[in-house]
Amino acid sequence: MSSAAISPPAPARRARVRRPSTATVYRWELRKLISQKRTYLGLALVVILPLFFVVFQNVHQRHDRGGDNIFAAQITQSGLATPVLMLLFLSVFMLPLAASLVAGDIVAAEDGNGTLKTILTRSVNRGQVFAAKTMAAMTYAAVAVFSSAAVATVAGIASWGFHSVRSFSGTVVSAPEALLLVFASNAIYLIPLLAVAAFGVLLSTATRNSAAAVVGTVGLVILLFIVAQIPGLEGIRPYLLTEQFENWHGLLRTPTDWTPIAHSAWVCALYLVPALFAGYLIFLRRDVAGG
Amino acid sequence: MLGTRATEDAVGSHEAPPVRARGLVKRYDEVLAVDHVDLNVGAGDVYGFLGPNGAGKTTTLRMALGLITPTEGAVELFGRDPMRQGARALQGVAGFVEAPRFYPYLSARKNLELLAALDGDGAVRRIEQVLDVVELSPRAKHRVGGYSHGMRQRLGIAAALLRSPSLLILDEPATGLDPAGMRDMRQLIRRLAGDGITVLLSSHQLPEVQELCDRVAIVDSGRVVYEGALADLRRQGGAGYQMRTTDDAKALELARAQAGIEHAGGGAHGIHFQAQEHDVGELTLALAGASIGILALTPELATLEDLFFRLTEGNGVPQREVEIA
C-alpha cells in the first residue's frame, strides 16, 4: 500500500452531517441499470417486435386486413394504428415480461452478489434503498412501454403516414389528436404494469432469488389469465390484475369512457400498495447475510 | 432534486466507546451462532477478534453493522444502536464483513463514486486519495469484474477509507493476499491506527493479530472465552523463564524448593521454570544469597497461537471478567 496521506478520521460524534437523499440513491440505481447488459434484453424485446411487425407488413403489402380489431383493419391507412395495435399485442405478455425482468432482479441480484451489504453499510437507510429500487424498477417499466410505443409510432408513420384514424367507436380522430391518445393510452396502460413491477419487487425481496422472482411474477400474470377463463369465476374477473391491461381502451372511444380507467386505478392500487408495503417490511427487517 | 439533506442531530454520546456489545445472541432455529457475547472496543484500540471458523465472528460483525438483527442483546457504535437508528448509527464507521463486494460491471472508480454518493458529506472528493493509498489508481478505470482477489480486498479498504472512519471494522482483510500483500495490509492497518482510527480486526492470522492488536476477544462456539488485553492473556497463559547461572545444578535445586516456582527443570541451556514476576524476584534473591551468579534470565511468554489453541480446544485460561467501559 502507498504511503499517501490518509484523511484524518471524521468526528464520529459531530452534531450534524449531510446524508444523501433518496433521489441520489435512485439516480445511482438507474446508473446501475444502464450499466448492465441484461437491462437491454427486455427493452430489445419490446422494441424489436414493433419493428419486425412493420417490416413484415411492408413485405407482404397487405392493405386489407379485416379481422375483429378496428385498428388492425386500418393498419396501412394510418401509421398511428401501428402503436395502438402493438400495445394491444404487447400489453398481454411481452411488456409484463419486460417489467418482471428488472423488477424481479433488482433486489435479489444485489443480495446474491453481496453488494446489498456494501450499500447498506453506507449512510443510507434501508427505506431509502427500497424506495430507490422500486422507483428504478417502475421507471424501467415506463421506459419499456414508451420506447415500444415510440418505435411503433415512428415506424408506423414512416411506413403508412401521419393520417387520421377511427377509434373503437368508429369516430374519425385527427392525426394530432390520435398521437396524443397513443401517448395517453400507454400512460394509462402503465398503471397495471406498475402493479406487476411492484409484485416483482416484492418477490425479489422475499425470495432473494432473481430467477424465482422473475418466473414468479410472470407466473402470476399467466395464472390470472387462466383464472379469468375459468367458468363460474366471472364475478371476480373485473378485479383481476390482468383484466386491467385493457383499461386504456376507454380512451379510444368517443366520448372517452373513464369508467374502466377509474376502476382500473383502484383495482391496481389493491395489488400495488400491499405488495410494496409487504416488500418494504421484509426489506426493513430481513437479515442481510448474502455474499 | 439530487442533492443532499441535513439530518437531525446525531445522538451518539461523547463518552461512548466505539463498540460496545451486551448479551449479544443470534439464533438460527436450533443453532446458537452467537451466545451472549459482550465486547468493549475502546477509542484508539486495535482490537483483535479471533476464533475458529464457525465461531460466530462474522455473525457478530454483521450484527454490529446492522446487517442482521440480534435475537437478544444489542450493539452500540459510539453509543448508537444500528438496529434502532439505521444509517445514523454508522456515522464514522466503515469496513466490510467477509469479502468486500462490488459491482463487477462498473469500474473501481465508478464503484467508489457510487459509494461516495451514498456516503454524502464530501466523500466524493476523497476518491483519488483513497485510490492512491491502496495503489489502485492505474487500474481505477478497469471493471472490478476483472480484478484479482487481492485487488478487491484493497478496493474494500479504499471504500472504507472514503468515509474517513473513526472506527474501521475489518473481517479477514488479509485473506487471499500474497505475503507482500499481507505485509502491506499490516502496514496500512498500523498507519491507520497511528492516525487515531480504532480498528476492530477479525482475523485468522494469529501472528498478524499478535503484532497489531493490543486487545483481543477470542470466541469459540459463539461464546467469548477471553476478552481483554493481549499482554494480560499472555501473562495468564503462564510466563515461562529461561535462566543460566554460574551453577545450574544448585540453582535448579533452589528453584524447586522455592515457593511459587513451578515446572522447574534443567537442560543444556540452563534451567527453565514458570512463575509470577514477584516469585522470580524472590528466586533471584535466594540465588544471590547462595552465591550463585545469574548470567541470563529470559522471560518466555506464551505465543498467541499457543493460547488460542488452548482456549478453543479446551484446557483454556479462565474467562476474564469483562470490563465495563
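**Val37(B).** I began with the contacts of Val37(B): setting aside residues up to four places away in sequence, Val37(B) touches Ala21(B), Leu24(B), Thr60(B), Val219(B) and Val224(B). A reminder to myself that this is a predicted model. Next I looked up where the residue sits, and found Val37(B) in strand S3 of chain B, which covers residues 31-41. Buried or exposed, I wondered, is Val37(B)? I noted Val37(B) as buried, because 26 other C-beta atoms lie within 10 Å and the cut-off for that label is 20 or more. I also checked one pair across the sequence: Val37(B) and Ala74(B) are 37 residues apart along the chain, and their C-alpha atoms are 9.7 Å apart in space.

**Strand S6(B).** Then I moved to strand S6 of chain B, residues 93-96. Val93(B) and Gly95(B) point to one side, Ala94(B) and Phe96(B) to the other, and I found all of them buried. Which strand does S6(B) join through four bridges? That is S7 of chain B, residues 167-171, and the two run parallel. For Ala94(B), I wrote down Leu168(B) as the bridge partner in S7(B).

**Domains of chain B.** I looked up the division of chain B: domain 1 spans 19-233 and domain 2 spans 239-300. Taken over C-alpha atoms, the centres of these domains are separated by 45 Å.

**Helix H8(A).** Last, I turned to chain A, where helix H8 runs over residues 126-160 and has 35 residues. From first C-alpha to last I noted 50 Å, close to the 51 Å expected at 1.5 Å a residue. What follows H8(A)? I found Gly161(A) there, with a positive phi near 85°.

Notes
Residues numbered from 1 in each chain as written. Chains lettered and ligands numbered in written order. Predicted model: local features only at pLDDT ≥ 70, side-chain atom pairs only at ≥ 80, totals over all residues. Buried ≥ 20, exposed ≤ 12 C-beta atoms within 10 Å, placed from the backbone. Contact = placed C-beta atoms within 7 Å. Pairing = 2+ DSSP bridges. Domains from an automatic or database assignment. Expected span 1.5 Å × (residues − 1).
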